[in-house]
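Take a moment to look over the fold before reading on. The paragraphs below go through it piece by piece.

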Amino acid sequence: MFNDSGGKWYIVFCILTFKLYTVSFATKRFFILMTMKNDFDQYAAEYDAWFLKNKNVLYSELKLVAHFLKNAGETLSVGCGSGLFEMLLQQEYNITVKYGIEPSKAMAEIADKRGMTVRIETAEDGDFGQNQYDTILFNGTPGYIKDLQKAFNKAYQALRKGGRIVVIDVPKESSYALLYNLAKVLGTWDHSLLEGVQPQDPYPIEFVKAANWRTTTEKTNLLLEAGFSDFAYAQTLTKHPVYSDDTLEEPMEGFDCGDYVAICAYKK
Ligand SMILES: C[S@@+](CC[C@H](N)C(=O)[O-])C[C@H]1O[C@@H](n2cnc3c(N)ncnc32)[C@H](O)[C@@H]1O
């Protein structure tokens, strides 16, 4: 059947095409896996370094995080990152946040070294468990979670009755988010429109590009939809971003002027 040379060449052609297809499929998969690494994997060291250059911002935010974590009980931190805040909460306020969920392996490894027990997974895909925690913290993560409703629904299931959720982030309406969104559209901090209006050490552009900040109202509505009630709000970073690292701020009630806002709500 394969005696004719045309038939042989046809078989050779088919084998080569198949090989090329499998090689290109494997290459494509390799590149897909490479790009699946999130920005926090590639820039884990930059994240803590940025906070350490902006100490008043770090400690003003820490005060806000601590504000709603009194008697927190068994606590899970969703998107705990490097565990920087959890470490400082322990050192400065004796608040223990033992458990974490974090998709970036590089960040999770640092958190692990700082004493947390971290599962490497996203909020959307991770298993939060059922009726297990007294407090669930989302600190600076909502802007990076695509399906936030799904994450809040899971948090509701994972909390014990009477447990609380603490959701903290940069609101879309705040001056920080307006500035970040402008930098995101421009793709750089190095632009004349941003001259004189950005902080001395602005938030690394890679993290700006990856974020999708939501308004406080949007996050409140998602929490209501998940079943939470008894809302309370507190805020910090109330100066223009250029000056936010000049002074340490105490948290204030409400959400109308802060560039970092905490929402606390309960599972009744
Ligand atoms: C701005 S950092 C906040 C880290 C930490 N909570 C803190 O305050 O220092 C955002 C974190 O969210 C994580 N993240 C990104 N996508 C996520 C997702 N889908 N689910 C959970 N965490 C996510 C990032 O890897 C990163 O560690």
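Strands S6 and S7 pair in the antiparallel sense over two bridges. In this pairing Ala234 stands opposite Glu253 in S7. The coordinates come from a predicted model, and every description here should be read with that in mind. S6 also pairs with S8, again in the antiparallel sense, over six bridges. Here Thr236 stands opposite Tyr260 in S8.

These strands belong to an open sheet of eight strands, in the order S3-S2-S1-S4-S5-S8-S6-S7, with mixed pairing. Its edge strands are S3, residues 117-119, and S7, residues 252-253, each of which pairs on one side only. Helix H4, residues 55-67, packs on the sheet and touches strands S4 (133-139), S5 (159-169), S6 (229-236) and S8 (260-266). The direction of H4 makes about 165° with that of S6.

Now move to the S3 end of the order. Strand S2, residues 99-101, pairs with S3 in the parallel sense over three bridges. Tyr99 stands opposite Thr117 in S3. S2 also pairs with S1, in the parallel sense and over three bridges. There, the bridge partner of Val78 is Ile101 in S2. S1 and S4 pair in the parallel sense too, over three bridges, and Thr75 stands opposite Thr135 in S4.

Which residues of strand S1 are buried on its two faces? S1 covers residues 75-78, with Thr75 and Ser77 on one side and Leu76 and Val78 on the other, and all of them are buried. Both faces of this strand are therefore covered.

In helix H6, residues 105-113, the buried residues are Met107, Ala108, Ile110 and Ala111. They lie on the same side of H6 because they cover an arc of only 160° around the axis. What covers them includes helix H2 (39-42), helix H3 (44-53), S2 and S3. Just after H6, Gly115 takes a positive phi of about 100°.

Helix H10, residues 216-226, has Thr216, Lys219, Leu223 and Ala226 as buried residues. These cover an arc of only 85° around the axis, so they sit on the same side of H10. The face turned away from that buried side carries the exposed residues Thr217 and Glu225. The cover over the buried residues of H10 includes helix H7 (148-158), S5 and S8. After H10 comes Gly227, whose phi is positive, near 115°.

The loop between helix H9 (205-210) and H10 holds Trp213. Is Trp213 buried or exposed? Trp213 counts as buried because 22 other C-beta atoms lie within 10 Å, and the cut-off for a buried residue is 20 or more. Leaving aside residues up to four places away in sequence, Trp213 touches Gly143, Asp169, Val170, Pro171, Lys172 and Ala177. Asp169 is 44 residues away from Trp213 along the chain, yet their C-alpha atoms are separated by 8.0 Å.

Most residues other than glycine have a negative phi. Asn94, however, has a positive phi of about 55° although it is not a glycine. Asn94 is found in the loop between helix H5 (84-93) and S2. With 8 C-beta neighbours inside 10 Å, Asn94 is exposed. Asn131 also has a positive phi, near 45°, and is a residue other than glycine. Its place is the loop between S3 and S4. Asn131 is exposed because 11 other C-beta atoms lie within 10 Å, where the cut-off for an exposed residue is 12 or fewer.

The last stop is the ligand. Which of the 20 residues around the ligand come nearest? They are Gly79, Gly81, Ala123, Gly140 and Tyr144. The shell around the ligand divides into ten nonpolar, eight polar and two charged residues.

Definitions and conventions: Residues numbered from 1 in each chain as written. Predicted model: local features only at pLDDT ≥ 70, side-chain atom pairs only at ≥ 80, totals over all residues. Near = placed C-beta within 6 Å. Nonpolar A, V, L, I, M, F, W, Y, C, P; charged D, E, K, R; others polar. Pairing = 2+ DSSP bridges. Helix = DSSP H or I, 4+ residues; strand = E, 2+ residues; numbered from the N terminus. Contact = placed C-beta atoms within 7 Å. Axes fitted to C-alpha atoms, helices over the stretch in contact; angles between N-to-C directions. Arc of directions from axis to C-beta.
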